[in-house]
Each structure stands twice: as structure tokens, then as C-alpha cells.
Amino acid sequence: MNSFFLMVSPYLYEGGLKSKILMFVSLAFLSVLGGQLVYVTGGTYLPYVHLLYVPIIIAGFWLGIFTGIIFAICIGLMVGPFMPLNVAQDIAQSTPEWLLRTGFFAMIALLSGMSAQITRAYLVVLKRRYLTDFETKMPNYKGLEALYKDEERFAMLTGVVVIKMRQVKEVEKAFGLETMSYVAIKTKERLKEVLSPETVLGRVSNDAFAICLENKEEALKVAQHLSQYLERTYKFDKIPFLIEMYFGIMPHVKGDSDSFRTLVKKALVAADHGLQNSLEVCAYNEETQDFSERNIYILHELREAIEQDQLSLNYQPIISLNKNEVIGVEALARWGHSTLGMVSPLEFTRIAEQTQLINPYTKWLLKKSLSQLAQWRKDGLDFVLSLNFSMKNFEDPTVVQEIFHYLEEYNIPPQMLEVEVTETAIARNIGKAADILQSLREKGIKVAIDDFGTGQSSLNYLFELPVDALKVDQVFTRSMLDNSAAEAIIRSAIMMGHEMNLKVIAEGIETKKQLEHLKKLGCDYGQGYYISRPMPVELATTWLDAKRTQLMKIQA
């Protein structure tokens with residue numbers, strides 16, 4: 001539809017007075033020329049007379065029904081009583097004959113004019129659809145851009161504020177497509193209640209609105225006002241839910257070279273930067289631009305790094321706190337880039353998760369780590385391998401197939417692999433997570449909830465999910481000796497885990513006191529810098545072998 005509109009839009013309007021006069025004169029000349037052609041070729045009994053339909057159709061379409069009918073009558077008279085049927089034999093036309101032809105001419109003019117009116121009306125509707133968001137009836141991105149192509153209107157612009165909504169896809173999956181129509185319409189209503197009536201609003205994507213400020217309105221003040229007063233709670237089918245909102249600001253100074261498109265793009269970059277860094281209001285600056293460009297660069301380079309096997313793995317041991325023996329290792333990716341230096345795995349996995357690149361990355365992780373586990377098993381080092389997964393991995397069936405493929409290829413028992421999924425990711429889509437994790441667990445693969453305690457609905461999903469272990473987030477481990485609330489969370493997690501026959505693993509153990517306190521609380525396993533930092537494969541192999549030898553001596 002958009003392509004069709006762009007193709008026919010040059011013909012959407014009838015034109016000004018000058019163009020109409022020029023068209024009228026041109027058609028009159030064409031009509032006279034056509035009449036002369038009919039006479040020269042021998043009269044109206046020949047088919048050349050039908051060429052005169054052309055100026056009639058054009059006149060009706062571009063100059064309207066009335067003008068088209070006038071042309072039809074004039075042309076009908078020109079090739080009527082004043083034009084012989086046969087010039088050579090000087091045979092005149094009968095009156096009914098030329099009157100009937102003139103009537104046909106008028107009917108063609110009428111139909112042409114009516115079709116023009118219908119076409120123009122349709123094109124007006126098409127243009128409105130092209131420039132308007134279907135659900136909210138507000139201008140879409142193209143509509144806002146068209147509005148501010150006017151130089152005078154653009155000169156009035158003082159800034160753009162973009163509202164970026166989080167959890168939109170999760171809400172859509174949970175409640176259905178119609179929910180987003182409700183959210184969009186409700187957000188529009190709330191914005192109109194909070195903002196001044198003359199403020200221009202638009203919806204630039206499914207999860208983003210744009211506010212165009214004029215008349216010296218300051219973007220920062222408007223964004224702060226929205227941050228304070230715009231309601232974020234919605235209710236659909238009597239079920240309440242929250243949509244987080246982040247406000248990106250891009251002021252516009254008269255005389256700047258930025259186009260409207262650039263202003264909106266920069267406001268979106270600022271909103272995305274705020275979303276990634278938990279800043280509700282974020283103004284565009286060099287830092288946000290660098291952040292955006294760095295993300296794009298990392299995404300491009302990461303694809304190449306995966307394809308060319310430029311990533312590496314470190315392994316961090318997980319031990320039994322009571323027996324002090326290694327029960328597993330967690331594989332952690334590392335990326336040393338030639339230009340960027342060491343890129344944090346938190347950074348590049350977060351960026352990869354926003355695209356489908358997370359799936360090639362996870363496939364690389366599976367192959368690399370399971371091949372190493374197979375080698376360790378040959379050397380007599382037997383333990384569980386823990387790997388971090390994204391919920392997006394389970395949207396690609398080939399990732400699950402790769403798990404079973406590599407387990408079979410390297411002859412690794414399924415129970416030697418543990419899949420870790422964060423609590424927050426699971427809580428967003430409990431139903432889907434339960435089905436997928438259950439299918440893995442039925443094959444013997446272990447399942448652990450990572451970063452436990454940081455989510456908002458722990459008790460709700462634990463009863464529904466097939467889980468083997470809980471990994472308490474390191475934030476609580478590090479704080480528990482000085483913070484009673486952190487200790488209470490760990491104590492509760494241990495009690496709950498044991499009641500549900502789950503093992504509890506504490507992350508982030510950095511001191512002996514923390515380790516001893518966790519043992520007193522009854523925690524099963526632990527990992528952290530006090531036990532061992534993540535190590536490259538050669539160092540990890542040496543460490544694990546020494547640990548095994550030490551344990552054998554103690555047992556002897």
C-alpha cells in the first residue's frame with residue numbers, strides 16, 4: 001500500500017489555476033487538431049473519430065466533470081453537423097447519429113470525472129493511512145516528518161522527546177496482540193491529559209511515542225514532568241501490569257543543521273541509552289552517541305568474532321561447601337578485541353540478546369565448552385558443566401537440537417550439562433519457559449535459576465518450573481554479613497530450596513567469612529573469587545587436577 005501511494009502521489013492534487021489553464025488550452029488545441037485529422041482522413045465514417053475520446057477523458061479526469069462535459073459537447077458539435085460523414089462523397093451525417101455520438105462523448109466525460117473524484121478520494125484516504133498510525137490515529141514517523149518538512153513549522157520546533165516503553169513484547173505475548181492496541185490508545189489519552197493541547201504527538205514505532213515541542217517549550221522540563229506524572233500502570237481483562245517508560249531528549253536550536261529525522265533518531269538513541277542504564281530521563285550527548293555507535297560496532301564485530309572463533313572461554317569452579325570438592329564448572333565467555341580491548345561479556349551478550357545473533361553465539365558456546373568437557377572426562381575429571389542461556393535461544397529450535405547433537409557427538413551424559421536461565425527472563429514468560437525446560441529435563445539435562453532473588457515473582461513460578469538448583473545472586477552474598485535483609489533473602493532461598501528438594505548455590509563468595517557463614521546457613525554449593533577466579537582452559541585444567549589430587553590425599 002505504501003509503495004502504491006508513493007507511485008501515485010504526484011497525481012493526488014488537481015493543481016493550481018495556472019496549470020488548469022495550461023491544461024485547458026492544450027486540450028482545446030488537441031481537440032481542434034483531432035477534428036482536423038477526422039476531416040483530412042475522410043470523415044466520421046472512419047475510426048479516427050474515436051481519437052477524440054482522449055481529450056475528453058483527460059478533461060474529465062483533470063479538469064472535472066463539468067469541464068469534461070463542455071469539452072464533450074464542443075467536440076460533439078465539431079464532428080457533428082459541421083463534419084460530413086464522407087468528405088469525398090460530400091455525404092452529411094444524420095442528426096440522430098451525431099447527437100448519439102455527442103451523448104456518448106458526454107457520458108465518457110461524466111465517467112472520467114467520477115472516476116477522478118473516486119480516485120482522489122481514495123488517494124486522500126491512502127495518504128492519511130500512510131502518514132497516520134492505525135491504532136492511535138496520531139501521526140506516525142512519516143506523518144511527523146511530512147509535518148516538519150515545512151521550513152516555517154520546523155523553525156518553530158524547540159525539541160523532541162521520545163518515550164520508549166519496555167516489556168512491550170512480553171505483554172503482547174502474555175495477553176495477545178489486542179493488548180498493544182489498548183496500551184497505545186491508553187498512552188495517547190494519558191499524554192494528552194498531561195501535555196498542553198497544542199503539543200504535537202506521534203507514534204514512531206510499536207514501543208515508542210514522539211513529542212514535538214514548539215513555542216519555546218523546553219524538552220528537559222517536559223520530559224521530567226512526564227516522568228513524574230505519566231501513569232505507567234495498565235489493566236487488561238481486569239489484570240494489572242506495569243510498562244516501564246524511558247524518556248529520550250533532543251533539543252533543537254534554530255540554525256542547527258540537524259533534520260527532523262536526525263532529531264528523532266538522536267532522541268531514540270538517548271531513550272535507548274536510558275533504558276540500558278536505568279535512567280528514566282536521558283538527554284542526547286556525545287556519551288549517548290558513543291554508546292549507540294559502540295553497540296553497532298560491537299554487534300558487527302561480534303558476528304565476525306563468532307564466525308572466526310575469536311572468542312575464548314574461562315571456567316569458574318563450583319564446589320561443595322561442606323566437602324570442599326569440585327562438583328562443577330561454569331563456562332564464561334571472554335572477548336579480547338584488537339581495538340576495543342577486553343569487552344565485558346555482560347555488554348556483548350546484552351547486545352546480542354537484542355538480535356538473533358544470540359543464537360549463533362550460544363551454538364558456539366555449546367560446541368566449545370562441551371568439546372572441552374569431553375576432553376576433561378577423558379583425563380578423569382568428571383563434573384557438571386554450567387552454561388548460561390537466553391530465553392531467545394529457545395525460540396530457535398535449532399539451538400535445542402544443537403544441545404542434543406553435541407552431547408551425542410562428544411559422548412557426554414545429559415546429566416553432566418546444566419542450563420542456567422536468569423530469574424527475570426523466566427518470570428517474563430513462565431508458560432513457555434516451563435514447557436521448554438521440562439523437555440530438557442526429561443532428557444536428563446539439569447536446570448538452574450540464575451541470579452535468584454533479583455526478580456519480582458520468585459514464589460509464583462518456582463512451583464511451575466522443572467528446576468534442579470537455585471543460584472543466589474552475588475549481590476546478596478557480598479552484602480549478607482553487613483546487611484540483615486540480604487542475609488534474610490539468602491536464608492529464605494536456602495530454606496525454600498531445600499523444602500522443594502533443590503540444591504542452592506551461592507555466587508560471589510569473596511572471603512572466608514562469607515564462605516563459613518554460608519555453610520552455617522546450610523547452603524549446598526558456592527562459587528566466587530575466594531574459591532577461584534574464572535580461568536583459561538590450561539590454568540583451569542591444572543587447578544582442577546590439583547584439587548582432585550588434594551582431595552584424594554585427604555581421603556587416603
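Strands, like helices, are taken here as DSSP runs numbered from the N terminus, a strand having at least two residues. In this predicted model, Ser 386 lies in strand S11, which covers residues 384–389. The residue is buried, with a relative accessible area of 2%, and its side chain makes a polar contact of 2.8 Å with the side chain of Glu 418.

If residues up to four places away in sequence are left aside, Ser 386 touches Ile 318, Val 329, Glu 330, Ala 331, Glu 418 and Glu 420.

## Thr 362 in helix H14

Thr 362 is placed in helix H14, which spans residues 358–378. With a relative accessible area of 2%, Thr 362 is buried, and its side chain reaches the backbone oxygen of Ile 358 at 2.8 Å. Beyond residues up to four places away in sequence, Thr 362 touches Phe 389, Asn 393 and Val 399. Of these, Phe 389 belongs to the residue range of strand S11, 384–389, in which Ser 386 also lies.

Side chains of opposite charge can pair when their charged atoms come close. The count for this structure comes to 19 salt bridges. One of them joins the side chains of Arg 232 and Glu 280, at 3.1 Å from N to O. This pair links distant parts of the chain, 48 residues apart: Arg 232 is in the loop between helix H10 (219–229) and strand S4 (233–236), while Glu 280 is in the loop between H11 and strand S7 (281–283). Arg 232 is buried, with a relative accessible area of 12%, whereas Glu 280 is partly exposed, with a relative accessible area of 35%.

Another salt bridge is formed by the side chains of Glu 507 and Lys 471, at 3.6 Å from N to O. Glu 507 counts as buried at 10% relative accessibility, and Lys 471 counts as buried at 0%.

Glu 510 forms a salt bridge with Arg 478, the closest N and O atoms being 3.0 Å apart. Glu 510 is in the loop between S15 and H21, and Arg 478 is in helix H19 (residues 474–479), so that this pair, 32 residues apart, also links distant parts of the chain. Glu 510 counts as partly exposed at 37% relative accessibility, and Arg 478 is likewise partly exposed, with a relative accessible area of 40%.

## Cysteines

A search of the whole structure finds 0 disulfides. Cys 212 is in no disulfide, and the nearest cysteine sulfur, that of Cys 282, is 19 Å away. Seen from Cys 282, the closest cysteine sulfur is the one in Cys 212, and because the separation is 19 Å, the two are too far apart for a bond; a disulfide would need the sulfur atoms within 2.5 Å. Both residues are shielded by the definition of burial used here: Cys 212 is buried, with a relative accessible area of 1%, and Cys 282 is buried, with a relative accessible area of 7%.

## Surface patch and a loop position

Leu 100, Phe 104, Met 107, Leu 110, Leu 111 and Met 114 make a nonpolar surface patch of about 540 Å². Met 114 is found in helix H5, which covers residues 95–131, and at 39% relative accessibility Met 114 counts as partly exposed.

Ser 259 is placed in the loop between strand S6 (245–251) and helix H11 (260–276), and at 35% relative accessibility Ser 259 counts as partly exposed. The C-alpha atoms of Ser 259 and Phe 154 are separated by 8.9 Å, although the two residues are 105 residues apart along the chain.

Notes. Residues are numbered from 1 along each chain as its sequence is written. This is a predicted model: local features need pLDDT of at least 70, side-chain atom pairs count only at pLDDT 80 or more; totals for chains, interfaces and linings use all residues. Side-chain values use heavy atoms; hydrogens and water are left out. Buried means under 20% relative accessible area, exposed over 50%, partly exposed in between (1.4 Å probe, protein chains only). Helices (H or I, at least four residues) and strands (E, at least two) are DSSP runs, numbered from the N terminus. A polar contact is a pair of N or O atoms within 3.5 Å; within protein, one must be able to donate a hydrogen and the other to accept it, and residues adjacent in sequence count only if both atoms are side-chain atoms. Contact means heavy atoms within 4.5 Å. Patches are made of residues with over 30% relative accessible area and no salt bridge: like charges are joined within 9 Å, nonpolar side chains (Val, Leu, Ile, Met, Phe, Trp, Tyr) within 5 Å. Accessible areas come from the Shrake-Rupley method with a 1.4 Å probe; for residues, only the protein chains shown count as cover. A salt bridge is a side-chain nitrogen of Lys or Arg within 4 Å of a carboxyl oxygen of Asp or Glu.
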